[in-house]
Structure formats: C-alpha cells, structure tokens
Amino acid sequence: RTNCGPTPTPFSESFETWSSTAADPLPNCWEKHTNYSTNYPYASTSYHHSGSKAMYMYSTNTTYSYMVLPQFDLPIDSTMVTFWLYKTNTSYAHKLKVGVMTNPADVNTFVQVAEVQPTALSTWEEFEVPLSSYTGTGTRIAIMSPNNEYSYPYLDDLTVSRISPCPRVMDLRVTNVLLDSATVAWTDGT
C-alpha cells in the first residue's frame, strides 16, 4: 500500500471498481471494521443508486460495522459528507451514524456527529451531513451501522466537499407563470 496523504476535495466515490467479495480489503486509504463474522461493509451488486454497486452496511443488536474514509485536505469542521441510502424492508431501522475517529481501528474513538435513517421503502434517499459541529481532534470520517439494532442499508454515490456558505436549494416550485413574471419558492437545505 502507498502512503495515504490528505485526499483532495471535492471527492466522490461510487464504489464501481471495488471488489464485491466481503473478505477483500477496501481500496488503499479506506478501512472497514466489524465485530461480525462476515467482513462488512462491502460493495454489493444487489442494489445501487448509480452504476452497478453500492456499499452494503450491516449491524445487529450486538454487532456493528463501519467504513473509514481517507483523510481529506479540509478541516473536519469545514467538511460536508453527502450520500444516498436505500431501505430494503420495513422490519429494520436502516440507521447509519456519521462521525469522526482519531484511531480508525478502535471503535471507541468514534464520535457521532449525525444519525441518518431512510424513511421510504425501496427508494434511494439523499442525505447531507455537515460536520461543522465536530470539535475534537479526529481526522478520519467514518460511517457506522450501529450495534444497537438491526440495520442493513445500502449506501451509494458518496461525496466529500467543503460546506457551502449558501444553503442548497431544495423543493424548487414555480407558479403563477406569466409573460413577464413568475413566483419562485423553495426550501433551503439547512
């Protein structure tokens, strides 16, 4: 493996070139850890937002799994992580925790910044997680399928970027369209 210096941002990963074999390691500068007998998470071809693969996350009430992203060239509190999640059934929570770690191999150094959970069944949902509230000394972003409940979501199209000073425009609506005017409304993504 090569030395892992800070990875330039913006950064995106669609998991297309990753092995679909659970036992295989993740690409250079990424890490995965679990206390389960199968080596979760791994790239799966079962469901995908784009391309042909997505990360299959997994946990039970007693097991966890998490992946640790490369170190990036931004301060953690200036970083935004965006990804798509897929919920395969209504029997399980499909929650993920996004946080920061000082030691990727030690689950006890995981500091949660946010918890996300898809609500729609069999629909890809986008999540944006700004890490601006993080105040620790960790340098590695981690996404964890927690060990307090059964959770089996698929994660795809991950991006890491600088938090924008402008809120993202969401739910754009245009009404009352006339020849020389229109009413435009939206919800900001904050």
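How many salt bridges does a search of the whole structure find? In this predicted model, the search returns 4 salt bridges.

One of them joins R140 to E31, with the closest N and O atoms 3.7 Å apart. R140 lies in strand β10 and E31 in strand β2, so the pair ties together parts 109 residues apart in sequence. R140 is buried, at a relative accessible area of 14%. E31 is partly exposed, at 25%.

A salt bridge also links E115 with K95, where the closest N and O atoms are 3.8 Å apart. E115 lies in strand β8, and K95 lies in the loop between β6 (79–86) and β7, so this pair ties together parts 20 residues apart in sequence. E115 counts as partly exposed, at 39% relative accessibility. K95 counts as buried because its relative accessibility is 18%, and buried means under 20%. Salt bridges that share partners join K95, E115 and E149 into one network. R173 pairs with D171, the closest N and O atoms being 2.8 Å apart. R173 is partly exposed, with a relative accessible area of 35%.

An open sheet of 5 strands has the order β2-β5-β10-β7-β8, and the pairing is antiparallel. β2 (31–34) and β8 (111–116) stand at the edges, each with a single partner strand, so one side of each has no neighbour in the sheet. The twist averages 20° from one strand to the next. Strands β5 (residues 65–68) and β10 (residues 140–145) run antiparallel and are joined by 4 bridges. Y66 stands opposite M144 in β10.

Strand β7 (residues 96–101) holds G99. This glycine is buried, with a relative accessible area of 0%. Leaving aside neighbours within four places in sequence, G99 is in contact with F110, V111, Q112, V113, R140, I141 and A142. The C-alpha atoms of G99 and V68 are separated by 9.5 Å, and the two residues are 31 residues apart along the chain.

Aromatic residues were also examined. A search of the whole structure finds 22 aromatic pairs. F11 and W30 form a tilted pair, 6.2 Å centre to centre with 40° between the planes. The pair links distant parts of the chain: F11 is in strand β1 (residues 11–13), W30 is in the loop between β1 and β2, and they are 19 residues apart. Both F11 and W30 are buried. One aromatic cluster is formed by Y36, Y40, Y42, Y47, Y56, Y58, Y86, Y92, W124, Y150, Y152 and Y154.

Definitions and conventions
Residues are numbered from 1 along each chain as its sequence is written. This is a predicted model: local features need pLDDT of at least 70, side-chain atom pairs count only at pLDDT 80 or more; totals for chains, interfaces and linings use all residues. Side-chain values use heavy atoms; hydrogens and water are left out. Two strands pair if DSSP finds at least two bridges between them. Helices (H or I, at least four residues) and strands (E, at least two) are DSSP runs, numbered from the N terminus. Axes are lines fitted to C-alpha atoms, for helices over the stretch in contact, and angles run from 0 to 180 degrees between N-to-C directions. Rings of Phe, Tyr and Trp (its six-membered ring) pair if their centres lie within 6.5 Å; planes under 30 degrees apart count as stacked, over 60 as edge-to-face and the rest as tilted. Buried means under 20% relative accessible area, exposed over 50%, partly exposed in between (1.4 Å probe, protein chains only). Contact means heavy atoms within 4.5 Å. A salt bridge is a side-chain nitrogen of Lys or Arg within 4 Å of a carboxyl oxygen of Asp or Glu.
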